[in-house]
Amino acid sequence: QVQLVESGGGLVQAGGSLRLSCAASGRTGSNYVMGWSRQAPGKEREFVAAFTWSGGYTDYADSVKGRFTISRDNAKNTVYLQMNDLKPEDTAVYYCVGKSYGMRWSDWGQGTQVTVSS
C-alpha cells in the first residue's frame, strides 16, 4: 500500500498559478504511475495528469495541456503539479492518485481544494 499526502491548494484569481505537491510513502517502483485527478462540485471525477516513475509515460487531459505540468523529485518521492493560467473551471478538489501501470487507480490522497475566482 502506498500513502499519498497532498498539499498546496488554495484560492487564486483567474490567470494565476498554484503548485500542488504529493508526498508518497511505501512501495512504488519504476512502473508505478502517479498522477492527479480532480472533482468539481456536481461533476464526476476526471483525470488531470499522470506519469510513471521510470519516465516512460506521461499524459495530460486535453483541458490542461499547455497550462499544467507534472514533475517529480525522486529524492523526496514527491510529485508536483504546476498549474499556470488557471481558469474558474479548474476549481475542484484535486486528488493525488497512484497505481501499478495498466491497473486501476488504487491509491488516493485526501484531496486539496483549488478555487479559481473570476
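Biologist: Why does R38 count as buried?

Modeller: This is a predicted model, and in it R38 has 5% relative accessibility. Buried means under 20% relative accessible area. The value for R38 falls under that cut-off, so R38 counts as buried.

Biologist: Where is R38 found, and which residues is R38 in contact with?

Modeller: R38 is found in strand 4. Leaving aside neighbours within four places in sequence, R38 is in contact with E44, R45, E46, V48, S63, V64, F68, E89, D90, A92, V93 and Y94.

Biologist: What makes the pair R38 and E46 a polar contact?

Modeller: A polar contact is a pair of N or O atoms within 3.5 Å, where one must be able to donate a hydrogen and the other to accept it. The side chains of R38 and E46 are joined at 2.6 Å, so the pair is called a polar contact. A polar contact of 3.5 Å also joins the side chains of R38 and S63, and one of 2.9 Å joins those of R38 and D90.

Biologist: How do you know that D90 is buried, and where does D90 lie?

Modeller: The relative accessibility of D90 is 1%. Since buried means under 20%, D90 counts as buried. D90 lies in the loop between strand 8 (78–83) and strand 9 (92–100). Not counting residues up to four places away in sequence, D90 touches R38, R67, F68, D85, V114 and V116.

Biologist: What is noted about the phi of D85, and what about the phi of N77?

Modeller: D85 has a positive phi of about 50°, although D85 is not a glycine. The phi of N77 is near 50°, again a positive value in a residue other than glycine. N77 has its place in the loop between strand 7 (68–73) and strand 8.

Biologist: What makes P41 exposed?

Modeller: Exposed means over 50% relative accessible area. P41 has a relative accessible area of 72%, so P41 is exposed. P41 is found in the loop between strand 4 (32–39) and strand 5 (46–52). From C-alpha to C-alpha, P41 and G102 are 29 Å apart in space, and they are 61 residues apart in sequence.

Biologist: Turning to the whole chain, how many helices and strands does the chain have?

Modeller: The chain has zero helices and 11 strands. Why is the chain called as compact as a globular protein of that length? The radius of gyration is 13 Å, close to the 13 Å that the globule rule gives for 118 residues, so the chain is as compact as a globular protein of that length. The C-alpha atoms fill a box of roughly 40 × 25 × 25 Å, taken along the principal axes.

Biologist: What share of the residues is buried, and what share of the contacts with a separation of 6 or more comes from residues 24 or more positions apart?

Modeller: Buried residues make up 43% of the 118 residues. Residues 24 or more positions apart account for 54% of the contacts with a separation of 6 or more.

Biologist: How many positive and negative side chains does the chain have?

Modeller: There are 12 positive and 10 negative side chains, and the centres of the two sets lie 4 Å apart.

Definitions and conventions. Residues are numbered from 1 along each chain as its sequence is written. This is a predicted model: local features need pLDDT of at least 70, side-chain atom pairs count only at pLDDT 80 or more; totals for chains, interfaces and linings use all residues. Side-chain values use heavy atoms; hydrogens and water are left out. Helices (H or I, at least four residues) and strands (E, at least two) are DSSP runs, numbered from the N terminus. The radius of gyration is taken over C-alpha atoms; the globule rule is 2.2 Å times the number of residues to the power 0.38. Buried means under 20% relative accessible area, exposed over 50%, partly exposed in between (1.4 Å probe, protein chains only). Contact means heavy atoms within 4.5 Å. Lys and Arg count as positive and Asp and Glu as negative; His and the chain ends are not counted. The place of a charge is taken as NZ of Lys, CZ of Arg, CG of Asp or CD of Glu.
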